[in-house]
Each structure stands twice: as structure tokens, then as C-alpha cells.
Amino acid sequence: MSAPPVDTTQHLATIARRERAGRFAWLRSDWAAFAVRRLGGLVLSFALLVVVAFLIVPLIPGDPAVAMLGTNATPEAVTALRERLGLDEPLWAQFVHFLGNLLQGEFGSSFRYGVPVSEIIATKLPYTALLALGSIVVVLVVAIPLGMTVGVLTRGGRRGALGTVFGAVAGFLASFPAYVAGTLLVVVFAIVLRVLPAGGVDAPGFWVLPIASLALGPTFAVARVVRQETYTVLQQDFMRTARGRRLRAVRLYLVHALPNLMTSTLTLTGLILAGLIGGTIIIETVFSYPGLGLEVVQSIIYKDYPTIQGIILVIGALAILINLLIDIVLGAIDPRTLGGHHG
């Protein structure tokens, strides 16, 4: 019996529909929904950041013109300087001018130095980036192995004394303020032992104490979470099965356990990263470190509005982008997080 004739036109149309469906299948994927959701969040976050960066500056008490000219300046000189700086304009007009500069990729000119704020940021940003990135590397390199090791050693109620001591010490150090840690580290290593510089960037090892100060608390905060997640993961059926197969410890813990505890760890790390960037403001002041943090403190003293706004925008944008990067890494590790949940 011969096969029925094939409708060539209909067959080609079916093939074309399948090709189109395949070509745009990614639009219906979890990654597409994630991209749309995160794009909307980014737009809203940046919009709020711009508004906050602009409005926070007029709340700073004092007049920039008086700060620049001194208290002995004549009212005429202060008025003339305010007009030159655009401070005599209504707030809404200043905001429009502020937005116009941003759309052109500029932050305006510094009241204090008379140069574009972008040049100041370009000079200071590498120092702040060194502290922030160095701190998070220390946190991850120390906290994850430490937390996993303690979690493995204390699983099932084993070594109760170790678990108690670790919990107490980690809890205490996790709540340790960075500026207190910085002060103590300076006293011990710079003043008493004299093995590291107390501040500045001229001496070798200038970055050690600032990074240690920033990383100390977050390291033990993450280690506590990793220990708890390790304990939870080790109770899962798949880990019992893996142990029953007598796998080597390296494969058992690094291949099977580590990926399953990274979701919570990276989520917390993203929050800590944003906090580290903000924490650099205090630490840079403690160590006279020439980064964005020290510059924004000095700019507040001198009422340098454009510089304050520019640095706040850069620090805020870095925090937003870091959290986006963490979300992308989480999505690659655990696709369930693309749906906006961790279940």
C-alpha cells in the first residue's frame, strides 16, 4: 500500500514554524525571565541611586561657597561664587543640570579642585578596588575551607567542644566593627611589632592591615554560614550514598558537598561585598588611605557637592553590579534561583 502524498507546502510551513519556535525558545527560558526581571530591577535601583545621590548633598549643613572662601569672605564674594557654582538656582534646576551631566557621562567639576570629578574618581578608584576585591578574596579563601572543615569535624554531634568554641569565637569576631579591628591591628603590627605600616601607600605591605581590617568580621560571618550549610548538606541522602560508596574525601566534599552549599554562601557573600565597599570609607579614613572613602570624607568637610555625588554614585553602582554578578553566578550553579527563589 503506497503512502499518501505529502503536502509540500504544508510540510515546509511546519518546518518553518519549528525553526522559528527553536530560534526564539530562549525567550521562554528561565534565563530570559531572569534577564527581564533583573533589568527592571537595575533600572529602578539606578534611578533611586541617582535621586538619593543628588538629594543627600543639600542636606549637608553649611554653604560650599563659605567653606571655599572662608568665614571672612564678604557677602558679595559669597554670592558671586554661589552664582558661578550654580548654587543660586532652584533645586529642580540643579537636578536637571545634574541629570544632564550624567547623560553625558560626566559628574561635573569639583568645587575644591576645579577639575572634572571623573578624573578624581579615576585616580582614587583603583585604591578602593584593591581593598574591596582583596577583602572578598580573603573572605572566600579563608571562610569556605574553615567553615567546611569545622562542619565536617563536628557533624553528627562530634567534637562538641570544637563546635562550641568555634561558634563563640566566630560570633564575637563576626560582630567586630572594622574600625575597631583596624585600630587594634595598627597597635599590634605597626606600633608594637613594627612589621607593617600604620597607613598611607608608600611603604611595602601598605594594603595588608586595611584588607585584614575589612575582611576579619565578614570572614567569620561567612564561615558560620558555611559550617551550618555543610552540616545540613552532610545529612542529605545523596551524601549518605556518596559516603557509602567510599569515595575519597576530596571528591566527597569538593565535588558533592561544596556545590550544594554555595547558594546560601554566595547570597550572603553578595550582601557582604556591598557592605565591604561601604566599609572602605571608614577604613580608608583610619589608615589615611587615598581611595574614594577618604576622598568623600574630605569632600563632605569642604562641601564639595559634585565630588560627593560622583563618589556616592560610583560606590552605589558597584554594589548594584556586584549583586547582579552574584545572582548570575547563583543561576549558573543552581538554576532554581532564576525563578526568584532558592527552594
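According to UniProt, in an unreviewed entry, the feature "transmembrane region" is placed at residues 39-60, 127-153, 165-193, 205-226, 268-289 and 310-333, although such annotations may be inferred rather than shown by experiment. The structure shown is a predicted model, in which local features need pLDDT of at least 70 and side-chain atom pairs count only at pLDDT 80 or more, while totals for chains, interfaces and linings use all residues. Residues are numbered from 1 along each chain, and side-chain values use heavy atoms, with hydrogens and water left out.

Residues 165-193 are 86% helix and 0% strand, with end C-alpha atoms 28 Å apart; for residues 205-226 the span is also 86% helix and 0% strand, and the end C-alpha atoms lie 30 Å apart. Helices here are DSSP runs (H or I, at least four residues), numbered from the N terminus.

A nonpolar core is a set of buried Ala, Val, Leu, Ile, Met, Phe, Trp, Tyr and Cys residues joined through side-chain atoms within 4.5 Å. Of the 60 residues in the largest one, Met-148 and Tyr-253 touch the most other members. Apart from this core lies another, of ten residues, among them Ala-53, Phe-98, Ala-317 and Leu-324.

Conventions:
Buried means under 20% relative accessible area, exposed over 50%, partly exposed in between (1.4 Å probe, protein chains only). Helices (H or I, at least four residues) and strands (E, at least two) are DSSP runs, numbered from the N terminus.
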